[in-house]
Amino acid sequence: MNLNQLYYLQAIAQARGLTRAADALYVTQSNLSHSMAALEEELGIPLLYKNGRDTLLTPYGQEFLAYAERAIQQIEEGKRVAPPGARYGWASSALSAPL
(Lines give C-alpha, C1' and ligand atoms only; values in the text may rest on other atoms or scores of the structure.)
Protein backbone atom coordinates (compact mmCIF):
# COMPACT_ATOMS: atom_id res chain seq x y z
CA MET A 1 0.00 0.00 0.00
CA ASN A 2 1.23 3.46 -0.78
CA LEU A 3 0.04 7.01 -0.29
CA ASN A 4 -0.94 7.42 -3.94
CA GLN A 5 -3.40 4.56 -3.61
CA LEU A 6 -5.08 6.35 -0.71
CA TYR A 7 -5.33 9.55 -2.76
CA TYR A 8 -6.64 7.51 -5.69
CA LEU A 9 -9.38 5.91 -3.58
CA GLN A 10 -10.40 9.32 -2.27
CA ALA A 11 -10.57 10.72 -5.81
CA ILE A 12 -12.66 7.81 -7.08
CA ALA A 13 -15.10 8.28 -4.22
CA GLN A 14 -15.41 11.99 -4.98
CA ALA A 15 -15.63 11.60 -8.76
CA ARG A 16 -17.82 8.48 -8.68
CA GLY A 17 -15.94 7.08 -11.63
CA LEU A 18 -12.53 5.87 -12.74
CA THR A 19 -12.37 8.03 -15.85
CA ARG A 20 -13.32 11.22 -14.00
CA ALA A 21 -10.93 10.40 -11.14
CA ALA A 22 -8.10 9.59 -13.56
CA ASP A 23 -8.64 12.90 -15.33
CA ALA A 24 -8.60 14.79 -12.02
CA LEU A 25 -5.42 12.99 -10.93
CA TYR A 26 -3.66 13.32 -14.30
CA VAL A 27 -3.08 9.56 -14.52
CA THR A 28 -4.31 7.02 -17.03
CA GLN A 29 -7.48 5.11 -16.28
CA SER A 30 -5.53 1.88 -16.76
CA ASN A 31 -2.93 2.91 -14.16
CA LEU A 32 -5.66 3.91 -11.72
CA SER A 33 -7.54 0.65 -12.24
CA HIS A 34 -4.40 -1.47 -11.78
CA SER A 35 -3.44 0.45 -8.65
CA MET A 36 -6.88 -0.09 -7.11
CA ALA A 37 -6.85 -3.77 -8.04
CA ALA A 38 -3.47 -4.12 -6.29
CA LEU A 39 -4.85 -2.39 -3.19
CA GLU A 40 -7.90 -4.66 -3.16
CA GLU A 41 -5.61 -7.68 -3.52
CA GLU A 42 -3.38 -6.51 -0.66
CA LEU A 43 -6.35 -5.85 1.64
CA GLY A 44 -8.22 -8.96 0.54
CA ILE A 45 -11.50 -7.05 0.18
CA PRO A 46 -13.39 -5.47 -2.71
CA LEU A 47 -13.29 -1.68 -2.46
CA LEU A 48 -15.09 -0.74 -5.68
CA TYR A 49 -17.99 -1.87 -7.83
CA LYS A 50 -19.50 -0.72 -11.10
CA ASN A 51 -23.03 0.72 -11.17
CA GLY A 52 -23.75 1.59 -14.77
CA ARG A 53 -21.20 4.20 -15.75
CA ASP A 54 -20.30 4.99 -12.14
CA THR A 55 -17.65 3.30 -10.04
CA LEU A 56 -18.71 3.36 -6.41
CA LEU A 57 -17.25 2.22 -3.13
CA THR A 58 -18.46 -1.01 -1.59
CA PRO A 59 -19.40 -0.88 2.10
CA TYR A 60 -15.85 -2.12 2.79
CA GLY A 61 -14.50 0.62 0.53
CA GLN A 62 -16.49 3.26 2.38
CA GLU A 63 -15.19 2.04 5.72
CA PHE A 64 -11.60 1.88 4.45
CA LEU A 65 -11.94 5.35 2.92
CA ALA A 66 -12.54 6.78 6.39
CA TYR A 67 -9.18 5.36 7.51
CA ALA A 68 -7.49 6.49 4.31
CA GLU A 69 -8.76 10.05 4.75
CA ARG A 70 -7.51 10.15 8.34
CA ALA A 71 -4.10 8.92 7.17
CA ILE A 72 -4.01 11.54 4.41
CA GLN A 73 -4.99 14.24 6.89
CA GLN A 74 -2.24 13.19 9.32
CA ILE A 75 0.38 13.21 6.56
CA GLU A 76 -0.75 16.63 5.32
CA GLU A 77 -0.52 17.98 8.88
CA GLY A 78 2.96 16.49 9.21
CA LYS A 79 4.02 18.24 6.01
CA ARG A 80 2.86 21.57 7.41
CA VAL A 81 5.00 21.26 10.55
CA ALA A 82 8.15 20.31 8.65
CA PRO A 83 10.61 23.21 8.84
CA PRO A 84 11.32 25.11 5.62
CA GLY A 85 14.25 23.55 3.83
CA ALA A 86 14.04 20.23 5.68
CA ARG A 87 13.20 18.55 2.42
CA TYR A 88 16.62 19.54 1.12
CA GLY A 89 18.56 18.74 4.29
CA TRP A 90 19.54 22.30 5.22
CA ALA A 91 16.95 23.25 7.84
CA SER A 92 18.32 24.68 11.07
CA SER A 93 15.38 23.67 13.24
CA ALA A 94 15.88 21.56 16.34
CA LEU A 95 13.53 19.08 14.69
CA SER A 96 16.18 18.33 12.10
CA ALA A 97 19.04 17.86 14.59
CA PRO A 98 20.37 14.29 14.93
CA LEU A 99 19.36 12.46 18.08
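Q: Which helix does Gln62 lie in, and what makes a stretch a helix here?
A: Gln62 lies in helix 4, residues 59–81. Helices are DSSP runs of H or I with at least four residues, strands are runs of E with at least two, and both are numbered from the N terminus. This is a predicted model, in which local features need pLDDT of at least 70 and side-chain atom pairs count only at pLDDT 80 or more, while totals for chains, interfaces and linings use all residues. Residues are numbered from 1 along each chain as its sequence is written, and side-chain values use heavy atoms, with hydrogens and water left out.

Q: Why does Gln62 count as exposed?
A: Exposed means over 50% relative accessible area, buried means under 20%, and partly exposed is in between (1.4 Å probe, protein chains only). Gln62 has 52% relative accessibility, so Gln62 counts as exposed.

Q: What makes Leu6 buried or exposed?
A: The relative accessibility of Leu6 is 8%, and therefore Leu6 counts as buried. Leu6 is found in helix 1.

Q: Which residues does Leu6 touch, leaving aside those up to four places away in sequence?
A: They are Met1, Phe64, Ala68, Ala71 and Ile72. To count as a contact, heavy atoms must be within 4.5 Å.

Q: Why is Arg16 given the class it has?
A: Arg16 comes out at 42% relative accessibility, so the class is partly exposed. Its place is the loop between helix 1 and helix 2. Not counting residues up to four places away in sequence, Arg16 touches Asp54, Thr55 and Leu56.

Q: How do you know where the buried residues of helix 2 fall, seen down its axis?
A: In helix 2 (residues 18–25), the buried residues are Leu18, Ala21 and Ala22. Seen down the axis, they fall within an arc of 100 degrees, so they line one face of the helix. That arc is taken from the directions from the helix axis to the C-beta atoms. Asp23 and Ala24, on the other side of helix 2, are exposed. What covers the buried residues includes helix 1 (3–15), helix 3 (29–43) and strand 2 (54–57).

Q: What makes helix 1 parallel, antiparallel, perpendicular or oblique to helix 2?
A: The two helices pack at an angle of about 125 degrees, with their axes 8 Å apart. That angle makes helix 1 oblique to helix 2. The cut-offs are under 35 degrees for roughly parallel, over 145 for roughly antiparallel, 65 to 115 for roughly perpendicular, and oblique for the rest. Axes are lines fitted to C-alpha atoms, for helices over the stretch in contact, and angles run from 0 to 180 degrees between N-to-C directions.

Q: Which residues of helix 1 and helix 2 meet, and how do they divide by class?
A: Tyr8, Ala11, Ile12 and Ala15 in helix 1 meet Leu18, Arg20, Ala21 and Leu25 in helix 2. This contact has seven nonpolar, no polar and one charged residues. Ala, Val, Leu, Ile, Met, Phe, Trp, Tyr, Cys and Pro count as nonpolar, Asp, Glu, Lys and Arg as charged, and the others, Gly among them, as polar.

Q: How many helices and strands does the protein have?
A: There are four helices and two strands, and from the N terminus on they run α-α-α-β-β-α.
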